[in-house]
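Please keep the sequence and the 3D view open while reading.

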Amino acid sequence: MDLRGFIGRCEKIGELKRITAEVDWNLEISHISKLNEERGGPALLFENVKGYSSPVLTGAFGTPPRLSIAMGMTTSYSMCDLAREWMKLSIKEVIPAREVSTGPILENVDDVASVNLDKFPVPKFYPLDGGRYIGTAVFLVLRDPETGDVNLGTYRMQMLDNQRCGVQILPGKRGERIMKKYKKMGKKMPAAAVIGCDPLLFMAGAMMQAGTSEYDIVGSIRGEPTEYIVSDFTGLPIPATAEIVLEGVIDPENFQPEGPFGEYTGYYTDELEKVIKKPCLEVKRVLHRNNPILWATSVGRPVTDIHMLLAFTRTATLWTDLERMQIPGIKSVYIPPEAAGRFWAIASVEQRYPGHSAHVGNAIISTTTGSYGIKGVIIVDSDIKADDIGRVLWALSVRYDPLRSTELIKRGRSTPLDPALDPNSNKLITSRIIMDATIPYEWETKPKEIALDKDMLEKVQSRWKEYGF
Ligand SMILES: Cc1cc2nc3c(=O)[nH]c(=O)nc-3n(C[C@H](O)[C@H](O)[C@H](O)COP(=O)(O)O)c2cc1C
């Protein structure tokens, strides 16, 4: 599957709409997309952007059916169930990516003399944004100079001018750790920014996945190898069917002002007050397909497609991490999009021993996914699904006792994008809370829950129409 295959499948079932009216890249595309998403609308393909001839795609991941299509599944899955499928497939043996000699991405090659990022209809999202953002649904391909490992990571990218992009690689990310190695070696870091590709690749690039190459993980989920070409320019592997690829170098010694940008938290970060310099991709070559599709996510306050994506990918990796830790009894896991797809996690557990629920709570904040940014964990018993928020609140009301059931952790890794952190701190450390909303396993007398009479229930159900409903 490539982005065009995904669009075709969405369109077939009414999950994608083509907008043929003329629209402006300057705020109009983003505002239409935001309103459309708030109404639960389809993905949008803007085919008539003023001054440009190629289209922009937004809202790709706005609903569970679209996430299902991206996964290659039927559209009846909830996000939580889809994440479980990802977990099951990704812990199987990986299918290594396959090198091919050519692909549609080579249809157009702009060398250094003809690089012009303004040939693409790059949107500006919010009035206070520092500029146009070419990379929102993007991932950067990097190679670790010591191990040779390839890393994909999604870092937002601002178009600074026609040949340069600011890239927000946040402290502590694997991308940053790789960049520091190039710095130590006194070298510039080759990088390729991929905009528009198999949606699963974009999802994998946004995941915190240690060790295995994201290309290979996508292979195991698709059931067939990801095809890539090796760039004769950067030596990096690039998806053969990508839409747009910006190739170049990042000089670890030469950062440039980037931002501000209306973030997925619903807030701006401190770039509004001060100039913050970030890594800068000097674009030396552009590859693109004919009529390339510029894929963009929506941003701002939840819930937009970026929150659906974050919630889905983090639920999937958290569940995978827990599975690898071999903790028994975990029935479902969920990081809700309303929690910006990051800050709260919920797990449902079938308790088998005293302290089992506490085991799960502590495990969650020790996983790679859970150790970054999560502020709160809620554990519920297995009669409640982790994504049944109404019942989770019920458990917090009738099974949770703050003094008995709360653990506070003072120091945990956070994201500097969290507006709740003290602006005068370095904004890298958060506290966490674990709320155990289960009935303690070791209680000999457990509260008796009300149940309907089974026989009467059957009778009532069989006569339902007779009652006039
Ligand atoms: C749409 C989207 C935008 C993101 N923007 C950024 C960003 O600007 N900077 C960043 O460091 N992480 C960002 N992330 C999160 C990273 O992609 C994620 O943490 C990824 O695992 C980083 O890869 P790495 O740890 O291999 O460097 C974003 C994720 C998504 C889904």
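By class, the shell around the ligand holds nine nonpolar, seven polar and three charged residues. Here Ala, Val, Leu, Ile, Met, Phe, Trp, Tyr, Cys and Pro count as nonpolar, Asp, Glu, Lys and Arg as charged, and the others, Gly among them, as polar. The model is predicted, with local features requiring pLDDT of at least 70 and side-chain atom pairs counting only at pLDDT 80 or more, while totals for chains, interfaces and linings use all residues. Residues are numbered from 1 along each chain as its sequence is written, and side-chain values use heavy atoms, with hydrogens and water left out.

Of the 19 residues around the ligand, those that come nearest are Thr 154, Tyr 155, Gln 168, Gly 175 and Met 207; a residue is near a molecule if one of its heavy atoms lies within 4 Å of it. Strand 8 (150–153), helix 5 (174–184) and helix 8 (305–324) each contribute at least two residues to this shell. Helices (H or I, at least four residues) and strands (E, at least two) are DSSP runs, numbered from the N terminus.

Which side chains make polar contacts with the ligand, a polar contact being a pair of N or O atoms within 3.5 Å? In Tyr 155, a polar side-chain atom lies 2.5 Å from an oxygen atom of the ligand. For Asn 151, an N or O atom of the side chain is 3.0 Å from a ligand oxygen atom. Lys 173 places a polar side-chain atom 2.9 Å from a nitrogen atom of the ligand. Taken alone the ligand exposes 640 Å², of which the protein buries 93%; accessible areas come from the Shrake-Rupley method with a 1.4 Å probe.

The ligand sits in the largest pocket, in that more than half of its atoms lie within 2 Å of the pocket's grid points. On a 1 Å grid over the protein atoms alone, a pocket is an open set of points where a 1.4 Å probe fits, with protein on both sides within 12 Å along at least five of seven lines.

Elsewhere, three strands form an open sheet in the order 4-12-13, with mixed pairing; two strands pair if DSSP finds at least two bridges between them. Strand 4 (98–99) and strand 13 (237–239) are the edges, each with a single partner strand, so one side of each has no neighbour in the sheet. Strand 4 runs parallel to strand 12 (residues 227–230), joined by two bridges, and Arg 98 stands opposite Glu 227. Strand 12 pairs with strand 13 in the antiparallel sense over three bridges, where Tyr 228 has Pro 239 as its bridge partner. The hairpin of these two strands has six residues between them, and among its residues Gly 235 takes a positive phi near 75°.

Some backbone details remain. A cis peptide bond joins Gly 259 and Pro 260, with omega about -5°; Pro 260 lies in the loop between strand 15 (256–257) and strand 16 (277–278). Another cis peptide bond joins Pro 302 and Val 303, with omega about 10°, and Val 303 is in the loop between strand 18 (294–295) and helix 8. Asn 291, a residue other than glycine, has a positive phi near 45°.

Key:
Polar contact = N/O pair within 3.5 Å; in protein donor to acceptor, adjacent residues only side chain to side chain. 1 Å grid on protein atoms, 1.4 Å probe; cavity = no way out; pocket = protein on both sides within 12 Å on 5 of 7 lines; lining within 4 Å.
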